[in-house]
Structures are given as structure tokens and as C-alpha cells.
Amino acid sequence: MKVLVVDNERLIVEDLCHEVESLFPAATTCGVTTPDEAISEAKKVDFDIALLDIDMPGMDGITLSRKLTSLTPTINIIFVTGYKEYAFEAHQVYCSGFLMKPVSEKNLKKAFENLRKPFIDLSDEFFTQHYQGSNLIGKKLEMYREQRGLSRQEAADLVGVTRQTIFRWEHGERLPDIMTFLQIARIIGIEVSDMLDTEGLEETESAPAE
């Protein structure tokens, strides 16, 4: 996760960078105090999320958000401001979040968990966490495979693995690598975010047969 933080107050930039890194240890943050610096950094790095102040000298955060989006269309803009009257204008540019200063850890975390343009952090740690407990991606894979009317062998042939490998993935015994995971989502015909969203999965499994 690559995060850009922009605020004309250096202390606020440092605090937000610290909060992000504390909540998400795998995140990489870049903090700047001017819109020009932000644009310069965005030309070098495809940021996943930008935390932007709105009331800044020279260029306001709304204008900056449009410039950042033109450079990286998939970037998520989260405005961080002390002025609630900016809320309507902020949402006109389809931002992912609007946070009031001072930003609480709870609200920052919630904003990151409800992005308008979800990105996928496909680290080994991420996969391990989502294969535990009720968040079994393997179960979701099995559910979508069956909905598409594919046998394990047919799915295996499409992915280029063995039937036993598909079985192990669906039962959480093995983990597909990142590129294979993306390939699976494409073959099944769903968004990666749908594969990772396990909400309602337990209800589907426990629903009585008609």
C-alpha cells in the first residue's frame, strides 16, 4: 500500500504518516507540505491512497485531487480538513472519504477499509490472514467455481494446474501465488474484490436446502 499525505502543516503530515504506518505496518508513506511536491511525487509513484488537506495556499485540495486522479486514475482520495463546509464539493469529485481534523485512529482505519476504488494488497501475510477462521478464500473460490458450472478438473485445466491443486486451494491446504490468484479471478469472471469479500459466505453455507 502506497500512501501520499499532503498538508501545509508539517506536524500534521508527520502525525498522519505515523498513524497510517501504525495501523498498516506494510504501508509505505510519502508526506509533503505543498501541492507541487505532491504532483512531483505522483509522477514517480502510483499511489493507492492520498490523504489531502483542502485549505492550502496556492492550490486547494479539491484541485489537487483532480490532478492526482489524472496521473493515477485508480488513486483513492481521502480529504482531511478542519472545515465541514467543504464536504459537498469534496464528494463532487467522488472521494473515498472525508475526515475531520483531528483524525481519530478509528475513523482513519474505517476510511481505509471502505475505499471507493479498492486495491489488493496481495502479500503473503495478507493471504495467510484471509485463509484463517471464517475468512476462507478457498470457500469463496469453490462457491464461484460451482456457480459457473465448472468441475475441479475443468478449473484446473483453465488455470494450468492439477485437480489436486484446486482441491487443496479450496480446502485451505495451499495458497496460490499472487499472479495465479489474479488469473483465477479473471477465469471465473469476477472482480478480485468479490473473491476477497467473505461477507455473507457463512449465510450461504448455512442456508437450508429447498
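The legends below describe close-up views of one predicted protein model.

Residues are numbered from 1 along each chain as its sequence is written. Because the model is predicted, local features need pLDDT of at least 70 and side-chain atom pairs count only at pLDDT 80 or more, while totals for chains, interfaces and linings use all residues; side-chain values use heavy atoms, with hydrogens and water left out.

**Figure 1. Overview of the protein.** The protein has 12 helices and 5 strands. Helices (H or I, at least four residues) and strands (E, at least two) are DSSP runs, numbered from the N terminus. Of the 210 residues, 40% are buried. A residue is called buried under 20% relative accessible area, exposed over 50%, and partly exposed in between (1.4 Å probe, protein chains only). A contact means heavy atoms within 4.5 Å. Among contacts between residues at least 6 apart in sequence, 60% join residues at least 24 apart.

**Figure 2. Helix H3 and its buried side.** Helix H3 spans residues 61-71, and its buried residues are Gly 61, Ile 62, Leu 64, Ser 65 and Leu 68. These residues lie on the same side of H3 because they cover an arc of only 155 degrees around the axis. The arc is that of the directions from the helix axis to the C-beta atoms. An α-helix has 3.6 residues a turn, so residues three or four places apart point the same way. The cover over the buried residues of H3 includes strand S1 (2-6), helix H2 (35-42), strand S3 (49-52), strand S4 (76-81) and helix H4 (87-92). At the start of the helix, a side-chain oxygen of Asp 60 comes to within 2.9 Å of the backbone nitrogen of Ile 62.

**Figure 3. Ser 65 within helix H3.** Ser 65 belongs to helix H3. Ser 65 counts as buried because its relative accessible area is 2%. Beyond its neighbours within four places in sequence, Ser 65 is in contact with Leu 52, Ile 77, Phe 79 and Val 93.

Figure 4. Asn 76 is part of strand S4, and its relative accessibility of 1% makes it buried. Neighbours within four places in sequence aside, Asn 76 is in contact with Asp 48, Ile 49, Ala 50, Ser 96, Leu 115, Arg 116 and Lys 117. Gly 97 is placed in strand S5 (residues 97-100) and is likewise buried, at 9% relative accessibility. With neighbours within four places in sequence left aside, Gly 97 is in contact with Ile 77, Ile 78 and Phe 79. Gly 97 and Ile 77 are 20 residues apart along the chain, and their C-alpha atoms are separated by 6.9 Å.

Figure 5. Tyr 83 lies in the loop between S4 and H4 and is partly exposed, at 39% relative accessibility. Not counting residues up to four places away in sequence, Tyr 83 touches Asp 55, Phe 98 and Met 100. Tyr 94 is in the loop between H4 and S5, where its relative accessibility of 57% makes it exposed. Phi of Tyr 94 is near 55 degrees, a positive value in a residue other than glycine. Pro 102 occupies the loop between S5 and helix H5 (105-113). The peptide bond from Lys 101 to Pro 102 is cis, with omega near -10 degrees.

Figure 6. In helix H9 (residues 163-170), the residues Ile 166, Trp 169 and Glu 170 are buried. They are on the same side of H9 because they cover an arc of only 95 degrees around the axis. After H9 comes Gly 172, with a positive phi near 70 degrees. The largest cavity has a volume of about 80 Å³. Its lining residues include Ile 166, Trp 169 and Glu 170, together with Leu 141, Arg 145 and Ile 184. Helix H7 (137-147), helix H8 (152-159), H9 and helix H10 (178-188) are the elements that give two or more residues to this lining. A cavity is a set of points, on a 1 Å grid over the protein atoms alone, where a 1.4 Å probe fits but cannot get out, and lining residues have an atom within 4 Å of a point. Grid points are joined across faces, edges and corners, and a volume is the space filled by probe spheres set on the points.

How values were computed: A polar contact is a pair of N or O atoms within 3.5 Å; within protein, one must be able to donate a hydrogen and the other to accept it, and residues adjacent in sequence count only if both atoms are side-chain atoms. On a 1 Å grid over the protein atoms alone, a cavity is a set of points where a 1.4 Å probe fits but cannot get out, and a pocket is an open set with protein on both sides within 12 Å along at least five of seven lines; lining residues have an atom within 4 Å of a point.
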